[in-house]
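This report describes the strand pairing, backbone geometry and side-chain contacts of one model. The sequence and structure come first, and the description follows.

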Amino acid sequence: MRLLIMADTHVPKRARALPTVLWQEVAAADVVVHAGDWVEDGLLDELERRAARLVGVFGNNDGPELRARLPELASADLAGLRLAVVHETGPAKGREQRCARDFPDTDVLVFGHSHIPWDSVAESGLRLLNPGSPTDRRRQPHCTYLTARVAHGELTEVELHPVDRTG
């Protein structure tokens, strides 16, 4: 099972549209995960049409329309992998311990908000992933997103991809 993981797309505020490479990844993915800050519901509509399966949440920049359609916390069983998605996890300091406490029945927690890529593992074994943003790099060298694979309850081949903003 192939995953595409993104967050903080901010379309159309930070970018007019999702970069072309992300649409190619949507077509190749079995599951698209979006950890919030869509900004307007047009992108949600398009992802719902084009993704084989979409797991998403609202973020702090998402208004009432998106909040009515998306949960604050989403969870999914992906081939035995227990996935949770939330927009915000609080400060970086203590994140692993806090999230392990708050998500005890989760194997992988995907989050956004900071636009800073993150990949760590708590003592409990919980893996925390933030894909960064494919449209707003803030203080990062590149805009980014993640891909991964799931098989037999295991997350493998996690890869952070830079985005060429010209494409």
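## Cysteines, sheet and local geometry

The structure holds zero disulfides. The model is a predicted one.

**Sheet.** Five strands form an open sheet with mixed pairing, in the order E3-E2-E1-E9-E10. Strand E3 (54-56) and E10 are at the edges, and each has a single partner strand, so one side of each is left without a neighbour in the sheet. From one strand to the next, the twist averages 20°. Strands of a sheet pair through backbone hydrogen bonds, in either a parallel or an antiparallel arrangement. E1 and E2 run parallel and are joined by four bridges. Within this pairing, Leu4 has Val32 in E2 as its bridge partner. Helix H1 lies across E1, E2, strand E9 (143-151) and E10, and runs at about 145° to E1.

**Hairpin.** Strand E7 (residues 118-121) and strand E8 (residues 127-130) run antiparallel, and four bridges join them. Val121 stands opposite Arg127 in E8. The two strands, E7 and E8, form a hairpin with five residues between them, and in the turn Gly125 has a positive phi of about 100°.

**Backbone.** Most residues other than glycine have a negative phi, and most peptide bonds are trans. The peptide bond from Val11 to Pro12 is cis, with omega near 10°. Pro12 belongs to the loop between strand E1 (2-6) and helix H1 (20-28). Asp37, which is not a glycine, has a positive phi of about 65°. Asp37 is found in the loop between strand E2 (31-34) and helix H2 (41-50). Glu157 is likewise not a glycine and has a positive phi of about 50°, but Glu157 is placed in strand E10 (residues 154-163).

Glu157 is exposed, with a relative accessible area of 56%, and the cut-off for exposed residues is over 50%.

**Aromatic rings.** A pair of aromatic rings is described by the distance of the centres and the angle of the planes. The structure holds one aromatic pair. The ring centres of Phe111 and Trp118 are 6.5 Å apart and the planes stand at 65°, so the pair is edge-to-face. Phe111 is buried, with a relative accessible area of 0%, whereas Trp118 counts as partly exposed at 21%.

| Arginine | Ring | Distance from the ring centre |
|---|---|---|
| Arg50 | Trp23 | 4.0 Å |
| Arg95 | Trp118 | 4.4 Å |

Key
Residues numbered from 1 in each chain as written. Predicted model: local features only at pLDDT ≥ 70, side-chain atom pairs only at ≥ 80, totals over all residues. Heavy atoms only, no water. Disulfide = S-S within 2.5 Å. Buried < 20%, exposed > 50% of the residue type's maximum accessible area, 1.4 Å probe, protein only. Phe/Tyr/Trp six-rings, centres within 6.5 Å; stacked < 30°, edge-to-face > 60°. Lys NZ or Arg CZ within 6 Å of the ring centre and 35° of its normal. Pairing = 2+ DSSP bridges. Axes fitted to C-alpha atoms, helices over the stretch in contact; angles between N-to-C directions. Contact = heavy atoms within 4.5 Å.
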